[in-house]
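Load the model in your viewer and keep the selection panel at hand. Each stop below tells you what to select.

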Amino acid sequence: MGKGSLIILSGPSGVGKGTVRQKLEDLGGVSFYYSVSMTTRSPRPGEVDGRDYFFVTREEFEKRVKDGKFLEWAEFVGNCYGTPKDVVDSYREKGIDVLLEIETNGAEQVMAKCPDAVSIFIVPPSFEALESRIRGRSTEDEATIQRRLGKARSELEKASQYKYVVLNDSVERAAKEIADIISASHR
């Protein structure tokens with residue numbers, strides 16, 4: 001049995017990475033382990049520890065960084081996010097594909113360490129649509145929204161660094177396109 005593929009699903013904050021990933025899981029046809037990231041931010045309404053993120057203190061997170069326990073990590077609008085390296089390696093060694101849903105800084109780190117990764121960048125239909133999605137969450141103050149929008153502008157410029165760019169004009173269409181990309185990576 002060969003090593004599982006590493007699939008990077010990235011794009012700017014608010015582009016719908018999580019929604020597209022959930023639709024991809026619902027569609028079936030492709031099988032993967034969704035790598036749950038670790039974060040220092042507080043859970044949003046409905047998020048569950050261990051399913052959506054592993055929620056930890058900043059002290060715990062910083063110790064893991066110091067001990068080299070992340071495949072990638074980044075600080076974003078005051079919170080830290082990271083991918084536990086041991087979990088990813090364990091699944092890939094068993095021949096299971098691993099999907100990372102991560103921001104662009106983390107994706108750059110992973111692509112540098114794992115050049116064989118299947119890197120997919122999701123783009124919004126327009127910047128206005130992206131802003132509407134970010135504001136629609138109603139979970140952040142205006143200053144945080146403005147930081148996210150500024151970061152999203154610079155993140156959109158990184159699309160050319162990825163092997164694939166997928167337009168999220170329809171969640172179902174985008175998920176089907178990503179499923180096709182994952183299937184093709186095994187040929």
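Predicted model: local features only at pLDDT ≥ 70, side-chain atom pairs only at ≥ 80, totals over all residues.

Numbering starts from 1 along each chain as its sequence is written, and side-chain values use heavy atoms, with hydrogens and water left out.

**Stop 1: helix α1**

Select residues 17–27, helix α1. Helices (H or I, at least four residues) and strands (E, at least two) are DSSP runs, numbered from the N terminus. The buried residues here are Lys17, Gly18, Val20, Arg21 and Leu24. Buried means under 20% relative accessible area, with a 1.4 Å probe and protein chains only. Look down the axis of α1: its buried residues fall within an arc of 165°, so they line one face. The arc is taken from the directions from the helix axis to the C-beta atoms. Now show what covers them, including β1 (6–10), β2 (33–34), β7 (98–101), β8 (118–123) and α7 (171–184). Just after α1, select Gly28, which has a positive phi of about 75°.

**Stop 2: strand β7**

Select β7. Val98 and Leu100 point one way, Leu99 and Glu101 the other, and all are buried. β1 pairs with β7 in the parallel sense over four bridges. Strands pair if DSSP finds at least two bridges between them. Ile8 stands opposite Leu100. β2 also runs parallel to β7, joined by two bridges. There, Tyr34 has Leu99 as its bridge partner.

**Stop 3: the four-stranded sheet**

Next, show the open sheet with the order β4-β3-β6-β5 and mixed pairing. β4 (54–55) and β5 (70–76) stand at the edges with a single partner strand each, so one side of each lacks a neighbour in the sheet. Contact means heavy atoms within 4.5 Å. β3 (38–39) and β4 pair in the parallel sense over two bridges. Met38 has Phe54 as its bridge partner in β4.

**Stop 4: rings**

Which residues do ring pairs link into a cluster? Select Tyr53, Phe55 and Tyr81. Rings of Phe, Tyr and Trp (its six-membered ring) pair if their centres lie within 6.5 Å; planes under 30 degrees apart count as stacked, over 60 as edge-to-face and the rest as tilted. The whole structure has six aromatic pairs. In one of them, the rings of Tyr53 and Phe55 have centres 5.8 Å apart and planes at 55°, so the pair is tilted. Tyr53 and Phe55 are both buried.

How values were computed. Buried < 20%, exposed > 50% of the residue type's maximum accessible area, 1.4 Å probe, protein only.
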